[in-house]
Amino acid sequence: MTLSLNRRRLFRPRDDSAGQNRVTFIELFFDLIFVFAITQLSHTIVEHLSIRGLVEAAVILVAVWWVWMYTAWATNWLDPETGAVRLMLFVLMLLGLVLSTSIPGAFGDRALGFAVAYVVMQVGRTAFLAWCYRAVDPSNALNITRITIWFLASAPLWLLGAVLGGDAQLALWAAAILFETVGPAVRYYTPILGASPTSSWSVSGGHIAERSGLFIILALGESVLVTGTAFSRGDISAAAVGGVLAAFVGTILFWLLYFNHGAERGSRFIRSSELSGPIARLTYVYLHIPIVAGVVLSAVGDELVLAHPEDQLSPGGLVVVVGAPVLYLIGNLLFKRSVGRPWLISHLVGVAALIAVYAATVTVLPPLAGLALLWISTSIVALVVVADEVSARRDGSSRPDGEPEADTATT
């Protein structure tokens with residue numbers, strides 16, 4: 001009885017109205033590790049700008065996202081203000097530091113460090129959560145046990161890939177990421193134990209929405225750091241100033257596109273729904289991946305252009321500068337649709353316009369300097385932001401309370 005009571009104290013109260021599920025300072029402290037991880041990843045992409053380099057970066061990005069998101073779900077249930085949970089987060093921070101420092105050599109001499117840190121973080125945190133639940137809620141303990149089994153099943157792929165290296169490593173790590181990505185979709189089906197019922201995936205929707213928004217801000221911060229660093233180290237010229245302005249304006253536009261009519265609506269939507277778990281799985285686990293990828297690639301594109309604003313971009317640089325806003329627009333389109341907005345024509349047109357610019361640049365137009373292409377891409381995103389504002393105001397005029405219609409989302 002005493003053990004059960006002690007473990008029960010490790011959980012948050014489930015009263016959103018009382019503000020018990022706010023994001024805590026220790027969670028923000030934990031996020032600092034991922035600021036470093038994003039910085040490491042963006043610099044690694046710059047140094048390995050090729051098709052293979054982008055594929056390797058995609059594997060690392062999703063791995064980093066999984067670590068962060070699963071921890072966000074854990075602290076959605078557990079109380080970070082308790083000693084045991086704080087200790088867990090501190091241990092995860094140390095392992096996250098190993099993970100982050102290994103990113104530049106993740107497909108080289110630091111592959112094993114990355115793999116071991118990743119596996120220990122995923123298995124250790126999930127096993128701890130299952131242990132906490134076992135004395136409190138056997139049904140949820142079984143759900144978390146299924147997740148632990150899935151991470152144990154993928155662990156050999158990570159470790160063996162790190163040992164083998166080369167093409168085998170990329171294939172095995174990609175298989176591990178694919179396996180872990182399928183897990184939530186199939187409700188962590190496990191032989192004998194079966195699948196987790198979605199009715200048991202109850203989360204504090206406001207907390208998950210706020211945590212996800214904060215991660216987007218952290219990722220956007222990398223673009224600000226790149227812009228400031230490039231301007232402080234380079235020569236002051238008209239091209240350099242134009243590049244800084246384009247990068248800074250692009251970062252603001254990305255912020256507006258997500259936070260103006262997406263983040264708060266998403267928070268209201270999930271808080272008002274009885275199916276908070278399935279909505280969080282679709283909206284904040286899966287659909288945020290292209291959003292985060294777009295932000296990371298945007299920082300890479302800014303760095304490439306700011307380094308040599310008047311030079312032509314390499315084929316890989318061209319893909320990054322145009323592909324970043326394409327991914328970001330697609331992610332925002334799907335995110336906003338999942339929380340009740342209609343299919344936004346502005347976002348689709350923006351994606352089509354960016355793809356057309358890319359096609360014209362490689363086939364028809366004379367070679368463009370990186371600065372010119374960055375401004376063209378930024379201008380297209382600006383038009384989408386304006387159109388999104390007009391669309392949101394039109395929708396708001398038909399629903400003065402501004403609340404999304406819960407039955408329009410796909411969960």
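Helices are DSSP runs of H or I, at least four residues long, numbered from the N terminus. In this predicted model, helix α2 spans residues 25-47 and includes E27.

E27 is buried: its relative accessible area is 1%, and the cut-off for burial is under 20%. The E27 side chain has a polar partner. A polar contact of 2.8 Å joins it to the side chain of H207. Leaving aside residues up to four places away in sequence, E27 touches R12, R22, T75, P80, H207 and R211.

The structure holds 24 aromatic pairs. One of them joins W68 and F215, with ring centres 4.7 Å apart. The planes of W68 and F215 stand at 50°, so this pair is tilted. The pair links distant parts of the chain. W68 lies in helix α3 (residues 51-77), whereas F215 lies in helix α8 (residues 205-233). The two residues are 147 residues apart. Both W68 and F215 are buried.

Y258 and F259 form another aromatic pair. Their centres lie 4.7 Å from each other, and the angle between the planes is 75°. The Y258 and F259 pair is edge-to-face. Y258 is buried, as is F259.

Ring pairs also build a cluster. Its members are F107, F114, Y118, W158 and W173.

How values were computed. Residues are numbered from 1 along each chain as its sequence is written. This is a predicted model: local features need pLDDT of at least 70, side-chain atom pairs count only at pLDDT 80 or more; totals for chains, interfaces and linings use all residues. Side-chain values use heavy atoms; hydrogens and water are left out. Buried means under 20% relative accessible area, exposed over 50%, partly exposed in between (1.4 Å probe, protein chains only). A polar contact is a pair of N or O atoms within 3.5 Å; within protein, one must be able to donate a hydrogen and the other to accept it, and residues adjacent in sequence count only if both atoms are side-chain atoms. Contact means heavy atoms within 4.5 Å. Rings of Phe, Tyr and Trp (its six-membered ring) pair if their centres lie within 6.5 Å; planes under 30 degrees apart count as stacked, over 60 as edge-to-face and the rest as tilted.
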